[in-house]
Amino acid sequence: MRPLTDAQIRASFVNASRSEQKNITLPPDLDDLVWDRLDYLGWRDPKLPNVGYVVLDLDDEPVGLMLRQTDSRARSRPQCSWCSDVQLPNDVVLYTTKRAGQAGRRGDTVGTLICENFECSKNVRMLPPSAYLGFDREAARDRRIETLRERVAGFVREVRGES
Ligand SMILES: [Zn+2]
């Protein structure tokens, strides 16, 4: 994704109230991020337990979501619905997010299972194991990156009420 500034990120949230927006702690290392290895920007708020954020460049416009991790832990380890990593290098938790606009103000939320610390971009860039003789691991990796982007975009559109 293209690099975003503090101001762009702060202005991007579609489902946070004004006071919530003011309380958002932005990632401390924006200048050091390798943006072209990120399919979305995701981080947890260091000051607010269970709160995380996802910012996606959707049709050249940054769209930010505020998410909350629910307390319930699944009994079996779930799969991330964005990167669907099968090697599970990290925990996957249920995040819920308010729908944008009126629906969200009524308390309408959307939930999804995703990597606890938003490791998806890293996970999809690992070369998958060879599935069979002649298996094109790099093409498989490219497909996973593409799929991740589609899924995050689909989720953001759903939150915005576009799907
Ligand atoms: Zn993931």
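The lining of the second largest pocket holds nine nonpolar, four polar and three charged residues; Ala, Val, Leu, Ile, Met, Phe, Trp, Tyr, Cys and Pro count as nonpolar, Asp, Glu, Lys and Arg as charged, and the others, Gly among them, as polar. The model is predicted, so local features need pLDDT of at least 70 and side-chain atom pairs pLDDT 80 or more, while totals for chains, interfaces and linings use all residues. Residues are numbered from 1 along each chain as its sequence is written, and side-chain values use heavy atoms, without hydrogens and water.

The volume of this second largest pocket is about 180 Å³. A pocket here is an open set of points on a 1 Å grid where a 1.4 Å probe fits, with protein on both sides within 12 Å along at least five of seven lines, and its lining residues have an atom within 4 Å of a point. Cys 83, Ser 84, Asp 85, Val 86 and Arg 144 are the closest to the centre among the 16 lining residues. Helix H4 and helix H5 (137–159) each supply at least two residues of this lining, and H5 gives the most, with four. Helices are DSSP runs of H or I of at least four residues, and strands are runs of E of at least two.

The largest pocket has a volume of about 280 Å³. It is lined by 18 residues, of which Leu 33, Leu 38, Gly 42, Phe 118 and Glu 119 are the closest to its centre. Strand S1 (41–44) and helix H4 (120–124) are the elements that give two or more residues to this lining. S1 contributes the most, with four residues. Sorted by class, the lining of the largest pocket has 10 nonpolar, two polar and six charged residues.

Cys 83, which lines the second largest pocket, is also a donor of the zinc ion. The protein donors are the SG atoms of Cys 80, Cys 83, Cys 115 and Cys 120, lying 2.3 Å from the zinc ion; a donor is an N, O or S atom within 2.8 Å of the metal (3.2 Å for Na, K and Ca). Their spacing in sequence is C-x2-C-x31-C-x4-C. The arrangement is tetrahedral because the four donor atoms subtend angles of 104 to 117° around the zinc ion, and four donors count as tetrahedral if all angles lie between 85 and 135 degrees.

Cys 80 is buried, where buried means under 20% relative accessible area with a 1.4 Å probe and protein chains only. Cys 83 counts as buried because its relative accessibility is 3%, and Cys 115 is buried at 1%.

Key. Points joined across faces, edges and corners; volume = space filled by probe spheres on them. Tetrahedral: all angles 85-135°; square planar, octahedral: opposite > 155°, others 65-115°. Buried < 20%, exposed > 50% of the residue type's maximum accessible area, 1.4 Å probe, protein only.
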